[in-house]
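This report describes the sheet, the helices and the charged pairs of one protein model. Please keep the sequence and the structure in view while reading.

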Amino acid sequence: METTLVILAAGLGSRFGGNKQISHVGPHDEILMEYSIRDAIEAGFDRVIFLVKKENLEAFKETIANRSAPFVKIEVAFQSLDMLPD
């Protein structure tokens, strides 16, 4: 059975002061999301779906997706303010 983790990563990071999803925070230049992904893999998850903004897709691919793809199946869904329910 496939176990999926959904990570909401479309925030602006305004309280953090920048794009926290791709900020390097670890002693070996790890990205914050790498810790969540590593923990999810250790817990048995085999797929991660990230909810991101389209305008952040390239930065997401260059950082999180490329670093995590060898270890877990990565998929992306988009969040857009023009797709909100009434």
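## Charged pairs and the strands they join

Arg47 is buried, its relative accessible area being 18%, where buried stands for under 20% relative accessible area, exposed for over 50% and partly exposed for the range in between (1.4 Å probe, protein chains only). The model is predicted, so local features need pLDDT of at least 70 and side-chain atom pairs count only at pLDDT 80 or more, while totals for chains, interfaces and linings use all residues. Residues are numbered from 1 along each chain as its sequence is written, and side-chain values use heavy atoms, with hydrogens and water left out.

The side chain of Arg47 meets that of Glu2 in a salt bridge of 3.3 Å, N to O. This pair connects distant parts of the chain, as Glu2 belongs to the segment before S1 and Arg47 to strand S2, 45 residues apart. Glu2 is partly exposed at 42% relative accessibility. A salt bridge here is a side-chain nitrogen of Lys or Arg within 4 Å of a carboxyl oxygen of Asp or Glu. Helices (H or I, at least four residues) and strands (E, at least two) are DSSP runs, numbered from the N terminus.

The whole structure contains 7 salt bridges. Three of them are listed below, among them the pair just described.

| Pair | N to O distance |
|---|---|
| Glu2 and Arg47 | 3.3 Å |
| Glu34 and Arg67 | 2.8 Å |
| Lys61 and Glu58 | 3.9 Å |

Glu34 and Arg67 form a salt bridge through their side chains. Because Glu34 is in helix H1 and Arg67 in helix H2, this pair ties together parts that are 33 residues apart in sequence. Arg67 is partly exposed, at 29% relative accessibility.

Lys61 and Glu58, by contrast, are both in helix H2, 3 residues apart, about one turn of the helix. Lys61 is partly exposed with a relative accessible area of 36%, and Glu58 is partly exposed with 47%. Through salt bridges that share partners, Glu2, Arg47, Lys73 and Glu75 are joined into one network.

## The sheet

The open sheet is formed by 3 strands in the order S1-S2-S3, with parallel pairing. S1 and strand S3 (73–78) are at the edges with a single partner strand each, so one side of each has no neighbour in the sheet. On average, neighbouring strands are turned by 20° against each other, direction ignored.

Two strands count as paired if DSSP finds at least two bridges between them. S1 and S2 pair over 5 bridges in the parallel sense, and Leu51 in S2 is the bridge partner of Leu8. Ile7 stands opposite Phe50, which is in S2. S2 and S3 pair over 6 bridges, also in the parallel sense. Arg47 has Lys73 in S3 as its bridge partner, and Val48 has Ile74 in S3.

Strand S2 is largely enclosed by the rest of the structure, because 5 of its 6 residues are buried.

## The helices on the sheet

Which residues of helix H1 (residues 32–42) are buried? They are Met33, Ile37 and Ala40. These residues lie on the same side of H1 because they cover an arc of only 60° around the axis, the arc being that of the directions from the helix axis to the C-beta atoms. They pack against strand S1 (4–8), strand S2 (47–52) and helix H2 (57–68), contact meaning heavy atoms within 4.5 Å. Just after H1, Gly44 adopts a positive phi of about 105°.

S2, H2 and S3 together make a right-handed β-α-β unit. A crossover is called right-handed if, with the strands pointing away from the viewer, the path from the first strand over the helix to the second runs clockwise.

Technical notes:
Axes fitted to C-alpha atoms, helices over the stretch in contact; angles between N-to-C directions.
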